[in-house]
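Good morning, everyone. Please look at the screen while I walk through a few contacts and a few strands.

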Amino acid sequence: MSTSAPPAVRPVFTGLGVLSAFGPGLAALAAATVHGTAGFTEVTRFDVGRRGTRRAALLADPPPLARAVLGAVADACGQAGLPTGPGETPLLLALHSDLRTGEVAEAVTKGSAALGLPGVTRVYTGACVAAATAVADAAALVASGRYPRVLVAAGHLVEPGVFAAFDAGRALARDGELRPFSSGRTGTVLGDAAVAVVIEADTAAERRGATTLARLAGWGRSGDAHHVCRPRPDGEGVARAARSALGRAGVAPSEVGYVNANGTGSPLSDLAEARALREVFGDALAGLPVSSSKSVHGHALEASALLELVVTIAALESGRLPVNAGWLGPDPEIGLNLVLAGSRPDRPRYALSLNSAFGGANTALLVAAA
């Protein structure tokens, strides 16, 4: 573990906004995760008749992506109590990279002016770690004193092109259920999400009397470049990112009370992640609660890390841990202490949220209870 000291200025979360398959707001999403109520339904917004998988976690009537993101941004700013008017708060935006990325970013820039934001500062398109990478950059900007606060937003709505690509690559679960770390798991299930968080210096939040929802204690990133889409079997890259987050925070592995794992339901990825957790936590892993909230809200790709982050913040606040849904039975090679039937009451001080992407990119966000 790194011995680098925690930052003198501590990044905290003072506002969040979320739109998921369970509708607007965190309450319905958090309730679904603690009860293990998966939001997967038949896809009807485009033709899936020729696809091997026909399910996803979908909003019934989704707005355009830019509008969905702006709604989450407005909610986050509102909860944080940020004043409207000209300001310099950077907006870091995670989106899927396609021909419409620039158009969506431009629409978010125009719409955010009404909230006193200068527009999108940077767009992150780093696949499933895009939003976590943006959070890490935001935390570094705040901890260095360069900005008193930074807003991070992300959005992904399930659409036919990406759905077809994941289906053709046999990455989607054939039975339409995302079963992380379970026997019989066959892949992931996509989901809708638009999420935003305000990351602020604790000193700035204190000066203006803002409520702290949680603290970002540490963050870590790694790249193992093992394969274009397969994870490194021993999970070394995931382990390195997790150790970096713990080291930055000055937190021992034994102090972590919950892990919201990447857990995509992929046979290879889940096994590699379990090995990474065993490498980082050692004997403490036997008593460490682990689940993947993707099993409930689906895999939101570029928005997934931010969606899982707000679920993790909710778990720290309520003490009710997300259930690892879709469970069929143990995989003897996994050996994790999974949160299964019913919500497990707990009051962890620290929780770790992990994400990995094609190409060997890995991120770890260590969140501390407020």
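Start with Glu 200. Its relative accessibility is 0%, so Glu 200 counts as buried. Buried here means under 20% relative accessible area, exposed means over 50%, and partly exposed is in between, with a 1.4 Å probe and protein chains only. Glu 200 has a salt bridge to Arg 208, at 2.7 Å from N to O. A salt bridge is a side-chain nitrogen of Lys or Arg within 4 Å of a carboxyl oxygen of Asp or Glu. Arg 208 has a relative accessible area of 29%, so Arg 208 is partly exposed.

A word on the source. This is a predicted model, where local features need pLDDT of at least 70, side-chain atom pairs count only at pLDDT 80 or more, and totals for chains, interfaces and linings use all residues. Residues are numbered from 1 along each chain as its sequence is written, and side-chain values use heavy atoms, with hydrogens and water left out.

Back to charges. Side chains of opposite charge can pair when their charged atoms come close. How many salt bridges does the structure hold? There are 17 salt bridges. Let me pick out some of them.

Take Glu 308 and Lys 294. Their closest N and O atoms are 3.1 Å apart, in a salt bridge. This pair links distant parts of the chain: Glu 308 sits in helix α10 (residues 304–318), Lys 294 in helix α9 (residues 294–297), and they are 14 residues apart. Helices (H or I, at least four residues) and strands (E, at least two) are DSSP runs, numbered from the N terminus. Are these two buried or exposed? Glu 308 is buried, at a relative accessible area of 0%. Lys 294 is buried, with a relative accessible area of 0%.

Next, Arg 185 and Asp 331. They form a salt bridge, with the closest N and O atoms 2.9 Å apart. Again, distant parts of the chain are linked. Arg 185 is in the loop between α5 and β8 (193–201), and Asp 331 is in the loop between β12 (320–321) and β13 (337–338). They are 146 residues apart. Both Arg 185 and Asp 331 are buried.

Now the rings. A pair of aromatic rings is described by the distance of the centres and the angle of the planes. Rings of Phe, Tyr and Trp (its six-membered ring) pair if their centres lie within 6.5 Å; planes under 30 degrees apart count as stacked, over 60 as edge-to-face and the rest as tilted. A search of the whole structure finds one aromatic pair. Phe 46 lies in the loop between β3 (40–42) and β4 (55–57), while Phe 163 lies in helix α5 (residues 160–168), so the pair ties together parts 117 residues apart in sequence. Phe 46 is buried, at 13% relative accessible area. Phe 163 is buried too, at 1%.

What about disulfides? The definition is a pair of cysteine sulfur atoms within 2.5 Å. The search of the whole structure finds zero. Cys 77 is buried at 6% relative accessibility, and Cys 128 is buried at 11%.

On to Thr 264. You will find it in the loop between β10 (256–260) and α8 (267–281). Thr 264 counts as buried, at 10% relative accessibility. A polar atom of its side chain lies 3.3 Å from the backbone nitrogen of Ser 266. Contact means heavy atoms within 4.5 Å. Leaving aside neighbours within four places in sequence, Thr 264 has contacts including Leu 178, Lys 294 and His 299.

Last, strand β7 (residues 149–156). How many of its eight residues are buried? Eight of the eight. Both faces are covered, with Leu 151 among the residues on one side and Val 152 among those on the other. Two strands pair if DSSP finds at least two bridges between them. Strand β5 (residues 91–94) pairs with β7 in the parallel sense, over four bridges. There, Leu 93 has Ala 153 of β7 as its bridge partner. β7 and β8 run antiparallel, joined by eight bridges. Here Leu 151 has Val 198 in β8 as its bridge partner.

Methods:
Polar contact = N/O pair within 3.5 Å; in protein donor to acceptor, adjacent residues only side chain to side chain.
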